[in-house]
Amino acid sequence: MADKPLNTYAKGVLGEWTAEKYLCENGMVCLERRYRSPYGEIDLVMLDHDVLAFVEVKARLMATIQSAQLAVTPSKQRKIIRTALCYLGDHPEHAQRMMRFDIVSIAGDCIHHLPDAFQGSGW
């Protein structure tokens, strides 16, 4: 029997798991998965030494790394920034840390981590 293709939710979860594993193997620590706020969701909240990284994961089976990164539109960036502010409100112990917004793009077997992919100009 042939395997059924994964639905969108399952692809997202698999992509996030793959990204988390990759980042942890490269020295980061996962603080939270799929943090939700009224503004949206942050796929991964990671600690990279003393820097708090809010990570958006884009998994594409047939696309390029660049097209996955372009999917994080200015509108999506604003939602991530607002959600990050909510996270800091819920976790004041991290409020004094340096912060950044990362994108992990997964295209086929290729994983690309772009630290500081966009600026949180709304702080």
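This is a predicted model: local features need pLDDT of at least 70, side-chain atom pairs count only at pLDDT 80 or more; totals for chains, interfaces and linings use all residues.

Reader: OK. How many helices and strands are there?

Author: The protein has three helices and five strands; these are DSSP runs numbered from the N terminus, with helices being H or I of at least four residues and strands E of at least two. The order from the N terminus is α-β-β-β-α-α-β-β.

Reader: And how much of the protein is buried?

Author: Of the 123 residues, 38% are buried. Buried means under 20% relative accessible area, exposed means over 50%, and partly exposed is in between, with a 1.4 Å probe and protein chains only.

Reader: Start with H1. What is its reach?

Author: H1 has 18 residues and reaches 26 Å from its first C-alpha to its last, close to the 26 Å expected at 1.5 Å a residue. The expected span is 1.5 Å times one less than the number of residues.

Reader: Which residues in H1 are buried?

Author: Gly15, Glu16, Ala19, Glu20 and Leu23. Seen down the axis of H1, the buried residues fall within an arc of 135 degrees, so they line one face of the helix. The arc is taken from the directions from the helix axis to the C-beta atoms. Trp17 and Glu25, on the other side of H1, are exposed.

Reader: New topic. What volume does the largest pocket have?

Author: About 510 Å³. A pocket is an open set of points on a 1 Å grid over the protein atoms alone, with protein on both sides within 12 Å along at least five of seven lines, and lining residues have an atom within 4 Å of a point. The volume is the space filled by probe spheres set on the points, which are joined across faces, edges and corners.

Reader: Which elements line the largest pocket?

Author: H1 (8-25), S2 (40-48) and S3 (51-60) each supply at least two residues of the lining. H1 gives the most, with seven residues. By class, the lining has seven nonpolar, six polar and eight charged residues.

Reader: What about the largest nonpolar core?

Author: The largest nonpolar core has 15 residues, and those with the most contacts inside it are Val45, Leu52, Phe54 and Phe101. A nonpolar core is a set of buried Ala, Val, Leu, Ile, Met, Phe, Trp, Tyr and Cys residues joined through side-chain atoms within 4.5 Å. S2, S3, H3 (74-90) and S4 (98-107) each give two or more residues to this core, and H3 gives the most, with five. Another core, of 11 residues, lies apart from it and has Ala19, Leu23, Val57 and Val104 among its members.

Reader: Which phi does Arg34 have?

Author: Arg34 has a positive phi of about 50 degrees, although it is not a glycine. Arg34 sits in S1, residues 29-37, and is partly exposed at 21% relative accessibility.

Reader: Last one: is His94 buried or exposed?

Author: His94 is buried, at 8% relative accessibility. His94 is in the loop between H3 and S4. From C-alpha to C-alpha, His94 and Asp50 are 9.5 Å apart in space, and they are 44 residues apart in sequence.

Technical notes
Residues are numbered from 1 along each chain as its sequence is written. Side-chain values use heavy atoms; hydrogens and water are left out. On a 1 Å grid over the protein atoms alone, a cavity is a set of points where a 1.4 Å probe fits but cannot get out, and a pocket is an open set with protein on both sides within 12 Å along at least five of seven lines; lining residues have an atom within 4 Å of a point. Ala, Val, Leu, Ile, Met, Phe, Trp, Tyr, Cys and Pro count as nonpolar, Asp, Glu, Lys and Arg as charged, and the others, Gly among them, as polar.
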